[in-house]
Number of protein chains: 2
Amino acid sequence: MISPYNDEYYMKQALLEAHKALEKDEIPVGAVIVANQQIIARTHNLTECLNDTTAHAEMQAITSASGHIGGKYLGGCTLYVTLEPCVMCGGALYWSQIDRIVFGAKDEKRGAGRYAGIYHPKTKIEGGLLEEECGELIRTFFKSKR
Amino acid sequence: MISPYNDEYYMKQALLEAHKALEKDEIPVGAVIVANQQIIARTHNLTECLNDTTAHAEMQAITSASGHIGGKYLGGCTLYVTLEPCVMCGGALYWSQIDRIVFGAKDEKRGAGRYAGIYHPKTKIEGGLLEEECGELIRTFFKSKR
């Protein structure tokens, strides 16, 4: 039997979250965290709504997933996020010791991948999944702001 | 008139916060954020109590100060923190565009200062204030854990 629950399925869930951010006039970034094929956290960027620069989708996802697990380490979990994590989120993911990160669009300006050693050596990083769809959402948002 | 409200005064307030963390068996790091000589946020590390790797003193201080101000940018504010900010906190402080960061002990392992470009170019960074007292608190904590 082919499982419908593959990387693309989870990234589409993260995209649904990004659309929720867009509806709130937030920079449209969404994330989910998955453990044992189950989504244990669904979040989207809320920096404007919460007046808080730390309220990126990934930060909220880490807090939410830790609450679900009842522990602060996210070994065995995968984060799916529509935009490459920034330095702050990369640093947070380091502390969480998350197993795997799959992101959509690359962040050329502030992506954690620009620096060696931001991520935990245990963490596997994969970029570019549904890149076009994830990136187009953000590009369209910024174009509408000009 | 000599103002009692100088950098050392505020760092001592951050140290009081670090002691509160210690009482909760948390890694003893404390922070305050100051605007117009007024402390607008007082926080300490709560990663164990909250089961959340993102609950560093600085992250909570940013959220708390933004709440106080009612805006997400911390221009005109100074953060006093007993330990050098890590990569996550340095990345968060970048987004906040905080005016100035004064830290106590250096973090040789995970300090944001190890990487060029983590902090915002607008932000002034000063390290080493009450370094001995700030560092000794953390060293004693870790010795007691061995």
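1. Of the 146 residues in chain A, 55% are buried, meaning under 20% relative accessible area, with a 1.4 Å probe and protein chains only. The model is predicted, so local features need pLDDT of at least 70 and side-chain atom pairs count only at pLDDT 80 or more, while totals for chains, interfaces and linings use all residues. Residues are numbered from 1 along each chain as its sequence is written, chains are lettered from A, and side-chain values use heavy atoms, without hydrogens and water.

2. Chain A contains four helices and five strands, arranged along the sequence as α-β-β-α-β-α-β-β-α. Its radius of gyration, 14 Å, is close to the 15 Å of the globule rule for 146 residues, so chain A is as compact as a globular protein of that length. Helices (H or I, at least four residues) and strands (E, at least two) are DSSP runs; the radius is taken over C-alpha atoms, and the rule is 2.2 Å times the number of residues to the power 0.38.

3. The C-alpha trace of chain A spans about 40 × 40 × 25 Å along its principal axes. Among contacts (heavy atoms within 4.5 Å) with a separation of 6 or more in chain A, 58% join residues 24 or more positions apart.

4. UniProt, in an unreviewed entry, lists residues 5-115 of chain A as "domain: CMP/dCMP-type deaminase". That stretch is 36% helix and 23% strand, with its end C-alpha atoms 32 Å apart.

Technical notes
Buried < 20%, exposed > 50% of the residue type's maximum accessible area, 1.4 Å probe, protein only. UniProt positions renumbered as here; feature names shortened; annotations may be inferred.
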